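Please have the sequence and the structure open as we go.

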Amino acid sequence: MTINLRKIEFFNREQEKEEIINILKTEPRVVNFIYGPINSGKSTLIENLIENLPRDYIVFYINLRERMISSYNDFIEILFEYEFEEEKKIKKAKELIPGVIEGVKMLSGIPISTKVFEKIFAEEKPKNAFRCIMKVIEEIKRKNKIPVLIIDEMQKIGDVKVNGLLIYEVFNFFIRLTKEKHLCHVFAISSDSLFIETVYADAKLSGRCRYLLVDDFDKETAKKFLGKYGFSVKEQNIAYNYFGGKPLDLSNLVSLSGGSNIKKIADDGISERMYHLRDMLDKLLYVKINISSDGENIPVKREKLIEVMRMFEDTGEIKDINISRAEKRYLINENILFIDPIRNIIKPQSKLDLVAIRDVLDEVEKSGKTRRLNKR
Ligand SMILES: Nc1ncnc2c1ncn2[C@@H]1O[C@H](COP(=O)(O)OP(=O)(O)OP(=O)(O)O)[C@@H](O)[C@H]1O
Ligand SMILES: [Mg+2]
């Protein structure tokens, strides 16, 4: 039996694309951070943009998702795509550096020779690695091309140390490329909203960064997307009520259901999330959980956690004001909530998470009542 899964095409994102294209048309002055909830389509948007860029742009797209990064050398290996076949690497470097770049638009690592790489690898000095990248970028500029550096899953180097935190060295380099030398467009992507919050709060980066939100589709876009794949208006409404505008969920729905079984597919997603939430609340009855903030460990309290969850009983989005810090950060860390520090709001990562929060709260309420009745 052959199953014909539907091919899903890239949809919409006109506004976000226009914003990024406008940035690419002007001189680089700030570091761009692309952020948004999990699976909102950040990487897909960037990949689509790269595909459609004119040949004047040379893009380095470094995705840190694929590998474990626990040391500076792990990072360097990905940055220079060390595992890439030597022969192809030399060919790429030759194409890129001495002249003709025709045909090469995107590279997933900075092309340098193995000899230089080995030197950089042994030295463990980020400044030397960055100097090397700077040279490649300057070479591209000299050929009248526009270099663009994109790092996806930036938070993965958040804790890596090399005589201090690597991330600060990377940010300094980014600032040098943009604000100081106007050499290269820089985009850092992350779906870790606590990471974005830390960056946003960092006084050293203030005024040197721009933040671009790639959120889930709004209602109208989500319905149009489903309509394109034959969902009736009724089915579109049912689907939106369960899944909101999450591109991943909507794409899965199109490939799996085609309009039928929407409720069953949603219920599976909700059950999984409810299990996670119940387990979290149960664990807190027995185990002490701490969350670290600014070098201190703060305890997570079950009652306070429920209080934070209750804030979503009647709304899908709350202002980030006076919310108990440990419990808030715990729920964000567990990928249940998303924090948008720029708009100062907090919301569940997806509509399915919101429904799961409400259903688990109902259970907590009911079990509380039963306990009280049994006590009488
Ligand atoms: N504009 C779009 N049109 C159609 N499908 C999309 C679009 N954006 C995202 N998707 C679907 O959603 C899935 C998840 O998107 P993607 O991986 O880009 O999200 P992300 O925000 O980068 O996720 P993460 O938070 O894990 O980094 C894609 O594999 C694709 O199926
Ligand atoms: Mg991504």
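Predicted model: local features only at pLDDT ≥ 70, side-chain atom pairs only at ≥ 80, totals over all residues.

**Helix packing and the ligand site**

Let me begin with helix H9 (residues 219-228) and helix H11 (residues 247-256), which pack at an angle of about 20° with their axes 10 Å apart. Helices here are DSSP runs of H or I with at least four residues, numbered from the N terminus, and the axes are lines fitted to C-alpha atoms over the stretch in contact, with angles running from 0 to 180 degrees between N-to-C directions. H9 and H11 are therefore roughly parallel to each other, given that angles under 35 degrees count as roughly parallel, over 145 as roughly antiparallel, 65 to 115 as roughly perpendicular and the rest as oblique. Ala222, Phe225 and Leu226 of H9 make the contact with Leu250, Ser251 and Val254 of H11, where contact means heavy atoms within 4.5 Å. These residues divide into 5 nonpolar, 1 polar and no charged, with Ala, Val, Leu, Ile, Met, Phe, Trp, Tyr, Cys and Pro counted as nonpolar, Asp, Glu, Lys and Arg as charged, and the others, Gly among them, as polar.

Residues are numbered from 1 along each chain as its sequence is written, chains are lettered from A and ligands numbered from 1 in the order in which they are written, and side-chain values use heavy atoms, with hydrogens and water left out.

Turning to the next pair, the axes of helix H1 (residues 14-25) and helix H2 (residues 42-52) come within 11 Å and cross at roughly 55°, and H1 and H2 are therefore oblique to each other. On the H1 side, Glu16, Lys17, Ile20 and Ile21 meet Leu45, Ile46, Asn48 and Leu49 in H2, and this set comprises 5 nonpolar, 1 polar and 2 charged residues.

For helix H13 (residues 302-310) and helix H14 (residues 325-333), the axes come within 9 Å and cross at roughly 70°, which makes H13 roughly perpendicular to H14. Lys304, Leu305, Val308 and Met309 of H13 contact Glu327, Tyr330 and Leu331 of H14.

Among the polar contacts (pairs of N or O atoms within 3.5 Å), a polar backbone atom of Phe11 is 2.8 Å from a nitrogen atom of ligand 1, and a polar side-chain atom of Ser191 lies 3.1 Å from an oxygen atom of ligand 1.

Terms used. Helix = DSSP H or I, 4+ residues; strand = E, 2+ residues; numbered from the N terminus. Polar contact = N/O pair within 3.5 Å; in protein donor to acceptor, adjacent residues only side chain to side chain.
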